[in-house]
Amino acid sequence: MSATTTVTETQPISAENILRLFPQINTALAAQSARNDSDLAGYDEEQIRLMDEVCIVLDEDDKPIGSASKKICHLMENIDKGLLHRAFSVFLFNSKEELLLQQRATEKITFPDMWTNTCCSHPLGVPGETGSTLETSIMGVKRAAQRKLKHELGIQAEQVPLDKFHFLTRIHYKAPSDGKWGEHEIDYILFIQADVDLDVNLNEVRDVKYVTADNLKTMFKDNSLKFTPWFKLICETNLFGWWRDLGSGLDKHIGNTAIHRM
């Protein structure tokens, strides 16, 4: 992706900017509400509503260049034209250093019924969640993570304070969900260790489970279970090393400024 215009903290990010930078994306399609969209016919009504949320569109250096709806960002036809957005992945561990996994709800439009890390979502193109520097972007994804942990799992903000999240690194990956939908993200990896109370939103999450590292490795051997592609990538590269150092030594992994291309 190439772009000549980046967006500062004080500038609004707009769908119009995306249409200028990506003229191959249909203007009528970008302006269309997800509720009236034939691409989304037959899906769950709440999940359709969420497809109108505004994601932060990026260049390949993680600089915001505009915004577009969640639907626009997740259509493979647009991903294949270079559309890239910001995301985060939370890994929440309890005091026994067990990782909380979730199985995505059947109602989800992308990657339904797949097991994944605690929470995976997007900071939105709104004040407080959009950042143009690494420091402000990290704070934005922490705020978004706190918001989505409550939305998906019912975890109250006071149980996951912002200063308890640890930013480890960023990964850039692309993965199809099916023929129509997919992901193309720069994903911020956040670790947090907290004992939390769950009140699961069943429209978002089908099941939850705390696992040890050995439990998770056993799950990967079960061919009846499916896992999200970003979770598998993280597990196959760095997760178990980070996890091993959770109790002492995690500091050496925190704050990696590189973007790891996968």
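Trainee: How much space lies in the largest cavity?
Mentor: About 170 Å³. A cavity here is a set of points on a 1 Å grid over the protein atoms alone where a 1.4 Å probe fits but cannot get out; points are joined across faces, edges and corners, and the volume is the space filled by probe spheres set on them. This is a predicted model, where local features need pLDDT of at least 70 and side-chain atom pairs 80 or more, while totals for chains, interfaces and linings use all residues. Residues are numbered from 1 along each chain as its sequence is written, and side-chain values use heavy atoms, without hydrogens and water.

Trainee: Which residues lie nearest the centre of that cavity?
Mentor: Lys 70, Arg 104, Cys 120, His 122 and Glu 183, out of 22 lining residues (those with an atom within 4 Å of a point).

Trainee: And which elements supply at least two residues of the lining?
Mentor: α4 (70-74), β3, β6 (119-121), α6 (134-153) and β8. Helices (H or I, at least four residues) and strands (E, at least two) are DSSP runs numbered from the N terminus.

Trainee: Switching to Trp 181, is this residue buried or exposed?
Mentor: Trp 181 is buried, at 0% relative accessible area (buried is under 20%, exposed over 50%, partly exposed in between, with a 1.4 Å probe and protein chains only). You'll find Trp 181 in the loop between β7 and β8.

Trainee: What does Trp 181 touch?
Mentor: Leaving out residues up to four places away in sequence, its contacts (heavy atoms within 4.5 Å) include Asp 39, Tyr 43, His 74, Met 76 and Pro 176. Met 76 is 105 residues away along the chain, yet the two C-alpha atoms are separated by 5.1 Å.

Trainee: Nice! How many salt bridges are there in the whole structure?
Mentor: The search finds 9, each a side-chain nitrogen of Lys or Arg within 4 Å of a carboxyl oxygen of Asp or Glu. One of them pairs Lys 174 with Asp 80, with 3.9 Å between the closest N and O atoms.

Trainee: Why does that pair tie together parts 94 residues apart in sequence?
Mentor: Because Lys 174 sits in strand β7 and Asp 80 in the loop between α5 (76-79) and β3. Lys 174 is partly exposed at 48%, and Asp 80 is exposed at 52%.

Trainee: Which residue pairs with Lys 252?
Mentor: Asp 245, at 3.6 Å. Lys 252 is exposed, at 63%, whereas Asp 245 is buried, at 10%.

Technical notes
On a 1 Å grid over the protein atoms alone, a cavity is a set of points where a 1.4 Å probe fits but cannot get out, and a pocket is an open set with protein on both sides within 12 Å along at least five of seven lines; lining residues have an atom within 4 Å of a point.
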